[in-house]
Amino acid sequence: IGFPVLENYSRYWPDLTTSHTWLAIGLIFAGFIIVYLIDKYGQQANPA
């Protein structure tokens, strides 16, 4: 009657000491900024 138990499961937290992790985090933020700027430019170029 409870929550199902998952066997052989462990949570994964990325290692914050590696450069790959920080590169991935930086690319996430860069992607967010690019999408934000494209949206802002689209609103200025073609206001609805």
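Of the 48 residues in the protein, buried residues make up 2%, where buried means under 20% relative accessible area, exposed means over 50%, and partly exposed lies in between, for a 1.4 Å probe and protein chains only. The structure is a predicted model, in which local features need pLDDT of at least 70 and side-chain atom pairs count only at pLDDT 80 or more, while totals for chains, interfaces and linings use all residues. Residues are numbered from 1 along each chain as its sequence is written, and side-chain values use heavy atoms, with hydrogens and water left out.

The protein exposes about 5200 Å², and carbon and sulfur atoms supply 68% of that area. The C-alpha trace spans about 55 × 35 × 10 Å along its principal axes.

Secondary structure is quickly told: the protein has one helix and zero strands. Both terms refer to DSSP runs, numbered from the N terminus, with helices being H or I over at least four residues and strands being E over at least two. Helix α1 covers residues 19-45, and F32 lies in it. An unreviewed UniProt entry places the feature "transmembrane region" at residues 20-38; UniProt positions follow the numbering used here, feature names are shortened, and annotations may be inferred rather than shown by experiment. Over residues 20-38 the chain is 100% helix and 0% strand, with 27 Å between the end C-alpha atoms.

On the surface, F32, I33, Y36 and L37 form a nonpolar patch with about 450 Å² of accessible area together. Patches consist of residues with over 30% relative accessible area and no salt bridge, joining like charges within 9 Å and nonpolar side chains (Val, Leu, Ile, Met, Phe, Trp, Tyr) within 5 Å. A salt bridge here is a side-chain nitrogen of Lys or Arg within 4 Å of a carboxyl oxygen of Asp or Glu.

L27 belongs to the helix and is exposed, with a relative accessible area of 55%. Y41 is likewise found in helix α1, and its relative accessible area of 60% makes Y41 exposed. The C-alpha atoms of L27 and Y41 are 21 Å apart, at a sequence separation of 14 residues. For Y41 and A24, 17 residues apart along the chain, the C-alpha separation is 26 Å.

Leaving aside neighbours within four places in sequence, T21 is in contact (heavy atoms within 4.5 Å) with P14, D15 and L16.

Conventions:
Accessible areas come from the Shrake-Rupley method with a 1.4 Å probe; for residues, only the protein chains shown count as cover.
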